[in-house]
Amino acid sequence: MMNEEVNKMADLLLQSLYDYHFANNGGSYTLPKVMLNADVNSKLAIEHLIEKEYATDSGEGSDNLVLAITAQGMDYIKNK
C-alpha cells in the first residue's frame, strides 16, 4: 500500500501531465532519470502511475523518462 505522501504526489504528477499534454499538443514530458533517483517518493509515484496505466514512459534505453498521460489517466483526472 502506498503512503499518503506518495499518493498525493502521484495525483499531482498526473495532473501536471494532463496540463502539459494540452499545453503542448499532446507532447510528452522528458525528465532525466538521475533526478528521479534523488527522490524516492517521486520514483514511487511515477512507478505507481505507470503500473496503473495512467501514464507511459517511452524513454526506455535512454537516460530520460519520457512521460505521457494515457486515456485512462485523463479519465481518472476528469472523474476526480
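Two strands count as paired if DSSP finds at least two bridges between them. Helices (H or I, at least four residues) and strands (E, at least two) are taken as DSSP runs, numbered from the N terminus. With that settled, β2 and β3 make a hairpin with six residues between them, and G61 in the turn has a positive phi of about 85°. The model is a predicted one, so local features need pLDDT of at least 70 and side-chain atom pairs count only at pLDDT 80 or more, while totals for chains, interfaces and linings use all residues. Residues are numbered from 1 along each chain as its sequence is written, and side-chain values use heavy atoms, with hydrogens and water left out.

As a bit of background, strands of a sheet pair through backbone hydrogen bonds, either parallel or antiparallel. Here, β2 and β3 pair in the antiparallel sense over three bridges, with D57 standing opposite L67 in β3. On the β1 side, the antiparallel pairing with β3 runs over four bridges, and P32 sits opposite N64 in β3. β3 is mostly covered, with five of its six residues buried. Buried means under 20% relative accessible area, exposed means over 50%, and partly exposed is anything in between (1.4 Å probe, protein chains only).

Next comes helix α1, which covers residues 4-23. At 1.5 Å a residue, its 20 residues should span 28 Å, and the end C-alpha atoms are 29 Å apart, which agrees; the expected span is 1.5 Å times one less than the number of residues. V6, A10, D11, L14, L17, Y18 and H21 are the buried residues in α1. They cover an arc of only 140° around the axis, so they end up on the same side of α1; the arc is that of the directions from the helix axis to the C-beta atoms. Over on the other side of α1, E4, K8, L12 and A23 are exposed. What do the buried residues of α1 pack against? Their partners are β1 (29-32), α3 (40-51), β2 (55-57), β3 (64-69) and α4 (71-78), where contact means heavy atoms within 4.5 Å.

N3 caps the N-terminal end, with a side-chain oxygen 3.0 Å from the backbone nitrogen of E5. For a polar contact, a pair of N or O atoms must lie within 3.5 Å; within protein, one must be able to donate a hydrogen and the other to accept it, and residues adjacent in sequence count only if both atoms are side-chain atoms. After α1 comes N25, in the loop between α1 and β1. N25 has a positive phi of about 50° although it is not a glycine, and at 78% relative accessibility it counts as exposed.

The loop between α3 and β2 has a residue of this kind too: E53 has a positive phi of about 65° although it is not a glycine. K52 also has its place in the loop between α3 and β2 and, at 40% relative accessibility, counts as partly exposed. The C-alpha atoms of K52 and L12 are separated by 15 Å, with the two residues 40 apart along the chain.

Leaving aside neighbours within four places in sequence, T70 is in contact with E53, Y54, A55 and T56. In α4, the buried residues are G73, M74 and I77. They cover an arc of only 100° around the axis, which puts them on the same side of α4. A71 and K78 are exposed on the other side of α4, while the buried residues of α4 pack against α1 and β3.
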